[in-house]
Amino acid sequence: MQGAIEINQERCKGCRLCAVACPLGLLDLAKRKVNRKGYPYVEQHDKEKCTGCTACAIVCPDGCISVYREGGLRRAKVPQQTTPEVFQTAYTESEKGNQLPHPEEAQSSQEVHLMKGNEAIAHAAIRCGCDGYFGYPITPQSEILETLTQLKPWETTGMVVLQAESEVAAINMLYGGGGSGKRVMTSSSSPGIALMQEGISYMTITEIPTLIINVQRGGPGLGTIQPSQSDYRQATVGGGNGDYRVIVLAPWSVQEMADFVDLGFELAFKYRNPVMMLSDGVIGQMMEKVILPTPKPRRTEEQIAKECPWATNGHGLKGRKPNILTSLEMIPLEMERRNLEMQKKYAQVERDEVRYESYQTEDAEYLIMAFGSIARISMEVVGILRSKGIRIGLLRPITLWPFPEKEVARLGKQVKGIIVAEMNAGQMIDDVRKAVCGSTKVIHFGRLGGVVPEPNEIISQFEQDFL
Ligand code: SF4
Ligand code: SF4
């Protein structure tokens, strides 16, 4: 079979993994040539011999190689991700407005890509009709801004991408953009999100829908650049002032990083509330197979005016009073009334938007609870302990707020004990204890400061406390 490959030589870092993988020896580093990053890059010789086997594309850690063969583009034939059905958002083909053609429109929605979690977010944002991204670089999430600037969506969909002068500036740009009814987002990592708390508090009381991504690293303070989950409380309880909540989604795969962008915007606009995607450095940095969402155009100004009659964008101003979005009320009773409206909305979110995934809980005598990247490690723990005859299951909250309280309470009555695995000193465990209300023993396992645990460490803790 005849094939052909395309190498993104600007992205290549010259590791030669593809050259080693090619069964026909068709790849090697270009002699005395480097790309703009200063790396020697790989070249293909004897192009006519290429079979399009994809071996080179599969091993490339940076997703530099696209393979073409009879029948069209093919990067790597792999099974679909195991994203729970409920999270596979159905994208409708909306009518095109005045939008320019989408850069990735020609690609099949089922095409599998290999990329980092951070990169998947950037691609998904463009495909989900995002109007603007405002952010400030910080490890381990800088690839989101970096990828967006490489993709240049302002030349295609018209999406604005702006590096703000600080995280405080970025969150206030979101405040303005979201206030005009636009789909706007930012991303940062733990200390950067800490700086944004004031803006988040303002956006909750003014009911401005925005998407905030936190790719967590170890803390407190500047901490480390390694992965952590120590912002659970900051996200679910809130670090700003007032009685507010943000909806918190916790992805555990690159696929969910991509899927939760559109889900996040949908929820944000449905409830007129900020949504946070609470990821971590493991998922942001790891490369995995991902099916990107089908591109849909940005909403037209007319669509925004119809969907967001509250927005301060001047639409229909001649026929209505000006819209005012403010967090300041001088009369306490009016402030109380607005707070009570918010509480009603939160009760609805708690009723309708709880999401979680269960794994082998039906016959479980013990339970592991974990979210995000440590839930992947915990799945391994379930496998190892089950092979020793211990009936254990995994419950992975996908929404951290609203927390799956009812399901935890139900399982609390079923099992002899729950181990809560987190990369922090014990934060989600408070919600677990509250949910089970003393019906079973609950213990914590945690590593701090950016340390990612091995399955055996969780198993040792489990055996020490329960067996
Ligand atoms: S597709 Fe297969 S044959 Fe072609 S360059 Fe890559 S590894 Fe070699
Ligand atoms: S595996 Fe990827 S990064 Fe490494 S040399 Fe090949 S193309 Fe470049």
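This is a predicted model: local features need pLDDT of at least 70, side-chain atom pairs count only at pLDDT 80 or more; totals for chains, interfaces and linings use all residues.
With 10 C-beta neighbours inside 10 Å, Asp 46 counts as exposed. Residues are numbered from 1 along each chain as its sequence is written, while chains are lettered from A and ligands numbered from 1 in the order in which they are written.

**Domains**

- The chain is divided into domain 1 (3-74), domain 2 (110-305) and domain 3 (357-466); these bounds come from an automatic or database domain assignment.
- Between domain 1 and domain 3, the C-alpha centres are 42 Å apart.

**Ligand surroundings**

- Around ligand 1 there are 16 residues, and Cys 22, Cys 50, Cys 53, Ala 55 and Cys 56 come nearest. A residue is near a molecule if its C-beta atom, placed from the backbone, lies within 6 Å of it.
- Strand S1 (3-7) and helix H2 (55-59) are the elements that give two or more residues to this shell. Helices (H or I, at least four residues) and strands (E, at least two) are DSSP runs, numbered from the N terminus.
- The shell around ligand 1 holds 11 nonpolar residues, 5 polar and no charged. Ala, Val, Leu, Ile, Met, Phe, Trp, Tyr, Cys and Pro count as nonpolar, Asp, Glu, Lys and Arg as charged, and the others, Gly among them, as polar.
- Ligand 2 has 14 residues around it, with Cys 12, Cys 15, Cys 18, Cys 60 and Cys 64 nearest.
- The shell around ligand 2 has 10 nonpolar, 1 polar and 3 charged residues.

**Strands and sheet**

- Strands S2 (residues 27-34) and S3 (residues 40-44) run antiparallel, joined by 4 bridges. Two strands pair if DSSP finds at least two bridges between them.
- Val 34 stands opposite Pro 40 in S3.
- The hairpin of S2 and S3 has 5 residues between the strands, and Gly 38 takes a positive phi near 90° there.
- An open sheet of 7 strands runs in the order S8-S7-S9-S10-S12-S11-S17, with mixed pairing.
- Strand S8 (160-163) and strand S17 (399-401) stand at the edges, each with a single partner strand, so one side of each has no neighbour in the sheet.
- Strand S7 (residues 132-135) pairs with S8 in the parallel sense over 4 bridges, and Gly 132 has Val 160 in S8 as its bridge partner.

**Helix H14**

- Val 408, Leu 411 and Gly 412 are the buried residues of helix H14 (residues 405-414).
- Seen down the axis of H14, these fall within an arc of 110°, so they line one face of the helix. The arc is that of the directions from the helix axis to the C-beta atoms.
- Exposed Lys 406 and Lys 413 sit on the face of H14 turned away from the buried side.

**Backbone exceptions**

- Most residues other than glycine have a negative phi, and most peptide bonds are trans.
- Asp 46, in the loop between S3 and H2, has a positive phi of about 50° although it is not a glycine.
- Arg 16 also has a positive phi, of about 70°. Arg 16 is partly exposed, with 14 C-beta neighbours inside 10 Å.
- A cis peptide bond joins Gly 219 and Pro 220, with omega about 0°.
- Trp 401 to Pro 402 is cis too, with omega near 5°.

Definitions and conventions
A residue is buried if 20 or more other C-beta atoms lie within 10 Å of its own, exposed if 12 or fewer, and partly exposed in between; C-beta atoms are placed from the backbone.
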